[in-house]
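Visitor: I'd like to go through a protein with you. Can we put it on the screen and start with the sheet?

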Amino acid sequence: MKKINVGIIGLGTVGSGVVKTLRNLDYIEVVQIAVKSLNKKRNIENLDESLLTTDSFSVVNNPKVDIVVELIGGVNPAFELIKKAIENHKHIVTANKELLAKHGEELFKLAEKNNVVIMYEAAVGGGIPIIMPVKMALSANRIDKIAAILNGTTNYILTKMEQEGASYGDVLAEAQRLGYAETDPTGDVEGFDAAYKIATLATIAFKKRVNIKNIYREGITNISAKDMAYAKQLGYKIKLIALAKMKNNKADVRVHPMLVKTSHTLANINGVTNAVMLQGEPVGQIVLSGPGAGEFPTASSVVGDIIAISSELHKSEVMLPMMRCKHEQNAVPVEIKDTKNKYYILLNVSNEPGVIGIIGGVCGKHNINLASLLQKDSDEADDMSAEVVVITAKCLEADVQAAITELKLNNCIKEVKNLIRVME
Ligand code: HSE
């Protein structure tokens, strides 16, 4: 078999795992690796240092390289590097969810024009095989719903908060100390990372391009230990859910925290583990779960893509159609205000007669049916205030927002502490 030559850009955690895993395959050779610094100590035995360069463009311009593996993440300089590699007729393997979500359309069009493929199994769910299974094994399906946990950092934080009754800030600080959360955790805790991933996954599943700009996003920074405790009392856990639904030819795609019934599979995905629940016709409902990040799980997906391309290279002029990504249509988005959900509302109210009636009256006026109510004396205070948790029946987001605005104006409502959607 003719040797396949690979050039790697980025030798961090994932890059190291890829180099080590590729050693098991004698027909694939790493011929060049771009790194940030030549002097860094690396956890790879017998690494041939002559392969290293600090000039990433020399990898994409290297005539020996058949496949460029991009593992640096972020838009710049990855975007320019991959474009150049494609123009040089290299096939691409990438784990870069941000780049795909923001510039996938341009990159896939350029790849088509140059008759090369871009593969990205590692970009969604790390080690969980999801992209090629959706494109190939599930291609007979009309997929109408995905509910997923696609960010390990936030799932770790929420799991710890739930299990230890700890605050968001304390758990985040501990996660940062242990290296589970970045020094600047914004990308994870504000839901950007999960939004990039669901943009790509929904595009594949719905066969229509889902624009990242149309994805509603909320992170987990407002979730308190109190929310966790109330959710538990009511039989729920709180998870950061990436949701994608296709209904009446419109795509409702969003990332936000949700109360999930403790009996639901996604409620039992703990720590850094990721999971994707997918519903399609004719398959029904399936769940895939596993490690969403890490050296070897992510290398598993990256090397799988390298092998898939290698098995087609030099065999035919045109690579397998399933490896391609041709989306002619953009998905028509659903705005968050037009979605229907159940809601958890935590209120701090005056402890006086008639307050529950006021809450019920405002909700009723805005077509919101209440499913359950829980009242506690506030532990923050005196007997002047009480906490009320409302769980609504399914209702329109615009109506809930209008009701919240009206409740905030009422003197008996001291604070609307949180509003969290509830998974059906
Ligand atoms: N930052 C991601 C997470 C891993 O916390 O899941 C890489 O996608």
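Visitor: In what order do the strands form the open sheet?

Guide: This is a predicted model. Its 6 strands come in the order E3-E2-E1-E4-E5-E6, and the pairing is parallel.

Visitor: Which strands stand at the edges?

Guide: Strand E3 (52-53) and strand E6 (118-119). Each has a single partner strand, so one side of each is left without a neighbour in the sheet.

Visitor: Over how many bridges do E1 and E4 pair?

Guide: Strand E1, residues 4-9, pairs with strand E4, residues 67-70, over 4 bridges. Glycine 7 stands opposite valine 68 in E4.

Visitor: What lies across E1, E2, E4, E5 and E6?

Guide: Helix H11, made of residues 295-312. It runs at about 165° to E5.

Visitor: New topic. How many residues of helix H3 are buried?

Guide: 7 of its 10, so helix H3 (residues 78-87) is largely enclosed by the rest of the structure. Among the buried ones are Phe79, Leu81 and Lys83.

Visitor: What do the buried residues of H3 pack against?

Guide: Strands E1, E4, E5 and E6, plus helix H2 (56-60) and helix H4 (97-113). Just after H3, histidine 89 takes a positive phi of about 65°.

Visitor: And the surface? Which residues form a nonpolar patch there?

Guide: Met136, Leu320 and Met322, with about 220 Å² of accessible area together.

Visitor: Where does methionine 322 lie?

Guide: In the loop between H11 and strand E13 (332-333). Methionine 322 is partly exposed, with a relative accessible area of 32%.

Terms used
Residues are numbered from 1 along each chain as its sequence is written. This is a predicted model: local features need pLDDT of at least 70, side-chain atom pairs count only at pLDDT 80 or more; totals for chains, interfaces and linings use all residues. Side-chain values use heavy atoms; hydrogens and water are left out. Two strands pair if DSSP finds at least two bridges between them. Helices (H or I, at least four residues) and strands (E, at least two) are DSSP runs, numbered from the N terminus. Contact means heavy atoms within 4.5 Å. Axes are lines fitted to C-alpha atoms, for helices over the stretch in contact, and angles run from 0 to 180 degrees between N-to-C directions. Patches are made of residues with over 30% relative accessible area and no salt bridge: like charges are joined within 9 Å, nonpolar side chains (Val, Leu, Ile, Met, Phe, Trp, Tyr) within 5 Å. Accessible areas come from the Shrake-Rupley method with a 1.4 Å probe; for residues, only the protein chains shown count as cover. A salt bridge is a side-chain nitrogen of Lys or Arg within 4 Å of a carboxyl oxygen of Asp or Glu. Buried means under 20% relative accessible area, exposed over 50%, partly exposed in between (1.4 Å probe, protein chains only).
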